[in-house]
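The stops below move through loops, cavities and a sheet, with a note on what to select at each one.

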Amino acid sequence: MSKPILSAHFESRKPSDVRLAQMKYDERKVKPQAVINVGIGNVSLPTNPAMMKRMFELSAPESPFSKGVVRYSGTAGTLECQNAFKNILKCEGFDTSKLHVQVTDGGSSGMELLLIGVCGPAGTDEKPLMMIDPAYTNYISFAERVGRKTVTVKRHLEENGKFTLPEMDLIEKTIIENKPGALLVIPYDNPTGQLYDHETLVKLAELCVKYNMWMISDEAYRELYYEAGKDLVSIWGVTDTDVEGIEGRRISIETASKVWNACGLRIGAVITDSAEFNNRSVAEYTANLCANVIGQYIFGALAHETPEQIMGWCTSIREYYKDQIMMVYNGLKAQEPNLIVSSPDASIYTVIDVRNVVKPGFDAIDFVLYCAQEGAVVIDGVETTLLVAPMKGFYNIKAGEKNPGSTQFRISFVETPENMAKIPELFVKLLRQFEAQR
């Protein structure tokens, strides 16, 4: 008897690079004594105290869930949850008076919405989303899911660990050739850890106005920057004073996941200063009914925090990550000086490029699978393996082109400080073990 046929899209699906290692490790028959997973940005720190209080007191008299009733909210989200996102921006010094907030099921749902909202019709090459490679792999995955096109201009990881931004002339040339509907920037970059400065955002905003594009900023890691003397940057800090005409075309993707340590809460937002975009986006999202209402209530606690509380929290999180990132960065360079490790400027990620220390034919995915399925080394007397993300899926590469991600990995600073301290020795030992058997 014949079986029902899967769609061509489903048949072509493979696990996201950020989930690949964990999925393959779960299938491993004989597991080592310990595994350290830095392949995905699954933050393990406690969430903000105001949010934690609500999470632990869902049955309190003032809670909307005290009687056990869990109803839908409006599609745009509760007013309190919307105000929580606005309050954060206001405490950071940005004008929120003209902003519209749509609460979504995590930043991921926001990504999917904006692709539908700014790109051309499904199945066509019209108005693609323009990105700067390497870019967060889920934008590529979501674009494929909804049948929208993406185009990229590429950065290159230099020997000194700095990712070079493309010249503005090259970016403009790509815009002229592909006529994108929007430009995506990630100022506190995932996956590279690069930090865009205000001047760069202004130059990109000028191109968005000149070619009548939306400007989208993924601000999941806003506040997480580590270089002394740098200022907070955001799309909401680029106004008509800087670039006449930029207001009314700005969109940001927000999330509770990273700065607020609530990945599993699945609360995000699409914020825009375009009333029309917001209205249409909410209309599209009505099919989803609404975002997680318990998550909205928990995150909504931030609507009532003072600027001192908001900024104090952000400072403490920034200091925590700076210590962890510098420890791993210095440790990797000490273990193997020829590794290229991306400059620790922002977000919670570092890219490691092994191109100077491996034999020809090396493939990052093969190494990731080796660590997940069979590799292990002894660290502090414990047999241990490491799960990391291969960078190949973060590049939008045409058939036949060389993928820079073939020798690159992204690590996330999400494990305990004790485990993060083991990563330099663990990574280098596993790499040498893998190379020895090739």
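Begin by selecting P134, which sits in the loop between β3 and α6 (137-145); helices (H or I, at least four residues) and strands (E, at least two) are DSSP runs, numbered from the N terminus. The peptide bond that joins D133 and P134 is cis, with omega at about -10°. Before going further, note that this is a predicted model, in which local features need pLDDT of at least 70 and side-chain atom pairs count only at pLDDT 80 or more, while totals for chains, interfaces and linings use all residues. Residues are numbered from 1 along each chain as its sequence is written, and side-chain values use heavy atoms, with hydrogens and water left out.

Next, select P191, in the loop between β7 and α8 (198-210), where the peptide bond from N190 to P191 is also cis, with omega near 25°.

A cavity here is a set of points on a 1 Å grid over the protein atoms alone where a 1.4 Å probe fits but cannot get out, and lining residues have an atom within 4 Å of a point. The second largest cavity has a volume of about 40 Å³, a volume being the space filled by probe spheres set on the points, which are joined across faces, edges and corners. Its lining has 8 nonpolar, no polar and 1 charged residues, where Ala, Val, Leu, Ile, Met, Phe, Trp, Tyr, Cys and Pro count as nonpolar, Asp, Glu, Lys and Arg as charged, and the others, Gly among them, as polar.

How many cavities of 30 Å³ or more are there by this rule? The count is 2, and the largest cavity holds about 110 Å³ of space. To find the largest cavity, select I88, R222, E254, T255 and W260, the closest to its centre of the 14 residues that line it. Two elements to colour are α4 (79-91) and β9 (250-255), which give two or more residues to that lining; the largest share, 3 residues, comes from α4. By class, the lining of the largest cavity divides into 8 nonpolar, 1 polar and 5 charged residues.

Now move to N261, in the loop between β9 and β10 (268-272). Although N261 is not a glycine, its phi is positive, at about 55°. With a relative accessibility of 6%, N261 counts as buried (under 20% relative accessible area, with a 1.4 Å probe and protein chains only). For another positive phi in a residue other than glycine, select K127, where the value is near 45°; K127 lies in the loop between α5 (106-118) and β3.

The last stop is an open sheet of 4 strands in the order β11-β12-β16-β15, with antiparallel pairing (two strands pair if DSSP finds at least two bridges between them). Because β11 (340-341) and β15 (389-390) stand at the edges with a single partner strand each, one side of each is left without a neighbour in the sheet. Strands β12 (residues 349-353) and β16 (residues 408-412) pair in the antiparallel sense over 5 bridges, and D353 stands opposite Q408 in β16. Finally, show helix α12 (residues 364-373), which packs on the sheet and touches β15 and β16, its direction making about 45° with that of β16. Contact means heavy atoms within 4.5 Å, and axes are lines fitted to C-alpha atoms, for helices over the stretch in contact, with angles running from 0 to 180 degrees between N-to-C directions.

Methods. 1 Å grid on protein atoms, 1.4 Å probe; cavity = no way out; pocket = protein on both sides within 12 Å on 5 of 7 lines; lining within 4 Å. Buried < 20%, exposed > 50% of the residue type's maximum accessible area, 1.4 Å probe, protein only.
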